[in-house]
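Please look over the structure shown below before reading on.

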Amino acid sequence: MLSSCVRLVPTTVRPVHSLICNSSRSFMDLKTLLSSLNDFASLSFAESWDNVGLLVEPSPPHIVNTLFLTNDLTEEVMEEALQKKADLILSYHPPIFRPMKRITWKTWKERVVIRALENRVGIYSPHTAYDAAPQGVNNWLAKGLGACTSRPIHPSKAPNYPTEGTHRVEFNVNHTQDLDKVMSAMKGIVDVSVASFPARIDDEQQTRISLNCTQKALMQVVAFLSQNRQLYQKTEILSLEKPLLLNTGMGRLCTLDESVSLATMIERIKRHLKLSHIRLALGAGRTLESLVKVVALCAGSGCSVLRGVEADLYLTGEMSHHDTLDAASQGINVILCEHSNTERGFLSDLQDMLGAHLENKINIILSETDRDPLHVI
């Protein structure tokens with residue numbers, strides 16, 4: 001886990017009404033805009049299973065005057081985007097997730113793609129890249145808890161290794177003749193970088209070989225070294241880890257500056273998410289007056305991220321019945337707010353942040369029809 005923490009203090013976001021329909025604004029080429037969006041929050045932060053980035057691209061060149069933000073791109077939201085002359089839709093959830101074998105008028109997702117292409121509207125989805133980003137969805141969700149320190153539950157790793165290869169192999173060679181043979185063999189393997197330096201072991205002058213290699217090349221290195229039993233028995237193989245990214249990753253573990261009652265925390269969350277109702281599973285032995293100090297949260301569906309985390313409260317959009325039972329049996333309170341209700345409010349913050357990041361070169365507007373499909377009645 002990362003040792004450094006993010007200090008979270010509730011803030012009030014100032015509405016930026018001038019972002020809507022200002023004729024003095026310029027425009028951005030789609031490729032330039034995509035590059036800027038990646039600078040804001042790298043798509044490399046996204047989970048490997050996710051489908052992020054540009055999902056629908058009009059034939060180039062494509063100029064973007066208006067960027068339209070939504071949590072879910074439904075047919076109703078698409079109609080709104082077209083009426084508001086959107087050139088690019090940023091849909092937090094990817095409308096294309098599973099592979100499409102055909103694009104017909106049969107299903108709503110196919111119709112969304114057809115209408116986007118017919119009207120030369122691009123579709124971009126950041127999804128879990130925004131979940132993991134330091135200034136992203138989970139960070140926004142944590143702001144509703146009150147003053148606290150926060151760190152990712154599952155920190156993200158850098159997209160690349162700090163050095164070449166995924167493994168490091170080190171061993172000592174005694175004689176010059178053996179050294180020449182070994183060095184020649186190692187340099188003959190693809191994706192291997194070799195270094196050597198003098199070493200003294202038990203008053204005997206030797207040469208230390210250190211090489212970095214890929215997983216595939218490692219098997220060839222091991223096959224060669226295993227031919228010399230004495231050499232192979234003294235071989236060390238290290239697995240190289242990608243460095244952790246500061247304040248970046250899935251979920252947040254938040255420690256409040258001051259403990260509050262569960263009842264108080266419920267009101268804070270409802271106020272932050274603008275909800276009149278939430279779902280609550282009381283932890284075993286807990287009441288509404290029980291104190292909450294540590295909150296583990298994950299926007300959207302938090303089962304896989306929160307499972308096994310020690311906290312007084314789990315906050316997420318949805319969890320399975322059995323995961324909720326498991327948490328409650330351990331004395332952990334669980335608050336469920338429905339999936340997209342823990343995400344959608346972030347878009348208001350995103351509108352301001354992207355406006356500043358893009359230097360207000362384009363119009364950025366929020367969907368007014370996007371909403372969670374579930375309602376309490």
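Two strands are taken to pair if DSSP finds at least two bridges between them, and the elements themselves are DSSP runs numbered from the N terminus, with helices (H or I) of at least four residues and strands (E) of at least two. The model is a predicted one, in which local features need pLDDT of at least 70 and side-chain atom pairs count only at pLDDT 80 or more, while totals for chains, interfaces and linings use all residues. Residues are numbered from 1 along each chain as its sequence is written, and side-chain values use heavy atoms, with hydrogens and water left out.

Five strands make an open sheet in the order 3-7-6-5-20, and their pairing is mixed. Strand 3 (53-56) and strand 20 (363-366) stand at its edges with a single partner strand each, so one side of each is left without a neighbour in the sheet. From one strand to the next the twist averages 25°; axes here are lines fitted to C-alpha atoms, for helices over the stretch in contact, and angles run from 0 to 180 degrees between N-to-C directions. Strand 3 runs antiparallel to strand 7 (residues 122-125), to which three bridges join it, and within this pair glycine 53 stands opposite serine 125.

Helix 1 (residues 30-40) touches strand 3, strand 6 (88-91) and strand 7, and its direction makes about 20° with that of strand 6. Helix 2 touches strand 5 (66-70), strand 6, strand 7 and strand 20, and its direction makes about 160° with that of strand 5.

**Helix 2 against helix 3**

Helix 2 (residues 75-83) also packs with helix 3 (residues 108-118), at an angle of about 10° and with the axes 10 Å apart. Helix 2 is therefore roughly parallel to helix 3, a term used for angles under 35 degrees. On the helix 2 side, Glu75, Met78, Glu79 and Leu82 meet Trp108, Arg111, Val112, Arg115 and Ala116 of helix 3. Sorted by class, this contact has five nonpolar, no polar and four charged residues, where Ala, Val, Leu, Ile, Met, Phe, Trp, Tyr, Cys and Pro count as nonpolar, Asp, Glu, Lys and Arg as charged, and the others, Gly among them, as polar.

Another open sheet has four strands in the order 11-12-10-13, with antiparallel pairing. Its edge strands, strand 11 (192-201) and strand 13 (236-239), each pair on one side only, and neighbouring strands are turned by 20° against each other on average, direction ignored. Strand 10 (residues 167-173) pairs with strand 13 over four bridges, and arginine 168 stands opposite leucine 238. Helix 7 (residues 215-225) lies across strand 10, strand 11, strand 12 (204-213) and strand 13, at about 20° to strand 10.

**Two single residues**

The table lists accessibility, where buried means under 20% relative accessible area, exposed over 50% and partly exposed in between (1.4 Å probe, protein chains only).

| Residue | Relative accessible area | Class |
|---|---|---|
| Arginine 151 | 24% | partly exposed |
| Serine 290 | 15% | buried |

Arginine 151 lies in strand 8 (residues 148-151); arginine 151 and methionine 250 are 99 residues apart in sequence and 9.5 Å apart in space, C-alpha to C-alpha. Serine 290 is found in the loop between strand 16 (279-281) and strand 17 (291-301), and its side chain reaches the backbone nitrogen of threonine 287 at 2.9 Å. Not counting residues up to four places away in sequence, serine 290 touches Val260, Ser261 and Leu262.

How values were computed. Angles under 35 degrees count as roughly parallel, over 145 as roughly antiparallel, 65 to 115 as roughly perpendicular and the rest as oblique. Contact means heavy atoms within 4.5 Å. A polar contact is a pair of N or O atoms within 3.5 Å; within protein, one must be able to donate a hydrogen and the other to accept it, and residues adjacent in sequence count only if both atoms are side-chain atoms.
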